Amino acid sequence: MRKDRILWADDEMELLKPHVLFLEEKGYEVVTTTNGKDAVDLCREESFDIIFLDENMPGLSGLETLSQIKDIDPNVPMVMITKSEEENIMNMAIGKKIADYLTKPVNPSQILLTLKKNIHRREIVTEHATSAYRSEFGRIGMQINDSLTYEDWVDVYKKLVYWELELSETDNGMDEMLMMQKTEANATFAKFIKRNYIDWFQYTDDRPLISPELFKTKVFPLLDAGEKVFFVLVDNFRYDQWCLVRGLLNEFYHVEEEDMYCAMLPTATQYARNAIFSGLFPLQIQEMFPQFWVEEEEEAGKNLYEKELIETQFQRFRKKYPFSYHKINDSVSCERLIHQLPHLDDNQLNVCVLNFIDMLSHARTDSKMMRELANDNKAYRSLTMSWFKHSPTYDLLKAIAQRGYKVVLTTDHGMIQVNNALKVIGDKATNVNLRYKVGKNLSYNRKDVFEVKNPAEISLPSPNVSSTYIFATNNDFFAYPNNYNYYVNYFKNTFQHGGVSMEEMLVPVVLLSPKE
């Protein structure tokens with residue numbers, strides 16, 4: 001087995017022999033030199049896992065040696081050791097992206113800690129995470145079986161996401177075990193929804209916070225308290241994606257409140273987002289504002305009247321706050337909104353819809369290259385993170401913070417990666433969504449779906465007198481028998497929404513306060 005190799009350059013190497021012996025006893029191979037020039041030459045000829053450099057060597061200084069070695073091997077971790085505690089030397093060393101900075105006299109435990117942080121960190125983290133998840137596995141399994149309330153399921157989902165993110169940073173081989181547990185959880189969650197969802201519309205006191213109640217619960221109290229608010233809705237934004245983005249926003253926001261709400265069914269933009277902005281369920285929108293409701297079979301866009309729906313909600317709750325509405329579909333429109341911000345200060349509420357993640361999910365379905373880039377949840381999260389860091393969205397949220405707004409950041413629904421096709425037969429009027437179907441002559445296996453024969457029971461409109469809604473659960477998706485194999489191969493492992501899963505229904509709503 002290859003030993004980890006250390007290069008140590010210090011003009012007082014004789015005094016450091018005890019340290020070298022200590023490291024050799026720990027199983028490291030240590031190559032020493034007394035000057036920077038030899039260190040550079042050694043790096044040209046050999047490879048090392050980490051390099052220790054004395055800052056104050058004759059000839060080439062430590063900083064000069066560091067620069068030359070970086071040209072040879074920019075990725076090797078380099079540790080600066082110096083007698084000086086001058087801030088400018090520390091700044092210069094850190095500016096050159098050193099791995100660590102130690103002040104003489106160093107002791108063996110400091111050196112060992114640096115080695116563990118820079119060479120063995122991944123193995124240590126992997127070992128710890130694997131051990132911790134193994135011990136937690138049984139407890140989570142019991143919690144899945146014992147979850148009786150919505151709050152129980154939020155707790156289960158948060159724990160599963162936590163471990164998904166922890167284990168994704170390691171090489172532990174535990175992914176399959178976690179995915180099996182997540183699949184089990186979603187199957188049990190689907191049974192919970194089948195038992196309780198219809199009752200939530202009859203016994204509203206037992207109902208969790210749901211899409212139409214978001215403004216009333218999360219936005220209006222802030223406006224009534226005199227706060228200036230930006231309501232930012234990121235379409236298709238899951239809780240695991242929020243957990244990654246949260247770290248980036250810590251620079252200019254405090255997370256004042258982090259909550260989850262239940263996205264209504266179908267977990268699709270036409271239903272869930274219109275419900276948020278209107279403060280009404282879809283059946284109520286259709287009955288009260290038919291001019292703003294577009295039926296499934298109509299070809300017109302299903303979210304063309306979001307600003308008008310917000311106005312109707314303001315009128316019903318007698319809110320007279322001035323507001324603006326913005327839909328962001330690309331970088332240009334996002335940059336345009338950033339430039340408009342000074343002109344929006346007279347509004348107490350500004351609403352912004354960011355459609356990027358929804359477009360990403362559709363692009364991933366339609367593009368072979370995007371399928372390769374986002375072939376699993378980990379890769380999909382990585383794409384989301386990259387978009388957030390490098391798109392104007394990050395600049396927009398930073399600019400909003402600088403103008404002193406509080407931000408309610410949320411989504412209309414999440415999405416799930418599907419891989420199991422269920423056969424369903426419908427007529428030409430049946431909708432095309434893969435996670436829910438609505439029609440009058442649907443043929444399907446009742447055991448595989450959440451079936452609602454009377455749409456009015458869950459405040460959904462009926463395109464026909466005998467319309468039925470069916471919702472896919474777990475990681476299933478609906479496929480038609482004709483051209484079945486092609487259909488299955490095309491949509492398998494794509495990210496879809498509209499059905500029943502923790503990923504689609506348990507979604508974040510977060511209150512952010514700008515830092516001074």
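Between which strand and which helix is the loop that holds Pro 266 found? Pro 266 belongs to the loop between strand E7 (253–262) and helix H11 (269–278); helices (H or I, at least four residues) and strands (E, at least two) are DSSP runs, numbered from the N terminus.

The structure is a predicted model, in which local features need pLDDT of at least 70, side-chain atom pairs count only at pLDDT 80 or more, and totals for chains, interfaces and linings use all residues. Residues are numbered from 1 along each chain as its sequence is written, and side-chain values use heavy atoms, with hydrogens and water left out.

View 1. The bond from Leu 265 to Pro 266 is cis, with omega near -10°. A cis peptide bond also joins Lys 104 and Pro 105, where omega is about -5°. Pro 105 sits in the loop between strand E5 (100–103) and helix H5 (108–118).

**View 2. The crossing of helices H10 and H17.** Two packed helices are described by the angle between their axes and the distance between the axes. The axes of H10 (residues 239–249) and H17 (residues 377–390) come within 10 Å and cross at roughly 30°; axes are lines fitted to C-alpha atoms, for helices over the stretch in contact, and angles run from 0 to 180 degrees between N-to-C directions. In H10, Asp 240, Gln 241, Leu 244, Val 245, Leu 248 and Leu 249 meet Tyr 380, Arg 381, Thr 384, Met 385, Phe 388 and Lys 389 of H17 (contact means heavy atoms within 4.5 Å). By class, this contact of H10 with H17 has seven nonpolar, two polar and three charged residues; Ala, Val, Leu, Ile, Met, Phe, Trp, Tyr, Cys and Pro count as nonpolar, Asp, Glu, Lys and Arg as charged, and the others, Gly among them, as polar.

**View 3. Two residues other than glycine with positive phi.** Asn 236, with phi near 70°, lies in the loop between strand E6 (229–234) and H10. Asn 236 counts as buried because its relative accessibility is 0% (buried means under 20% relative accessible area, exposed over 50%, partly exposed in between, with a 1.4 Å probe and protein chains only). Arg 318 has a positive phi of about 55° and is placed in the loop between helix H13 (306–316) and strand E8 (323–328). At 70% relative accessibility, Arg 318 counts as exposed.

**View 4. The buried residues of helix H13 and their cover.** Glu 306, Leu 309, Ile 310, Thr 312, Gln 313 and Phe 314 are the buried residues of H13. Their cover includes helix H9 (214–224), H11, helix H12 (282–288), E8 and strand E9 (349–354). Arg 318, with its positive phi, follows H13.

**View 5. The surroundings of Ser 513.** Ser 513 is found in strand E18 (residues 506–514). With a relative accessible area of 9%, Ser 513 is buried. Which residues are in contact with Ser 513, leaving aside its neighbours within four places in sequence? They are Phe 252, Tyr 253, His 254, Glu 256 and Lys 406.
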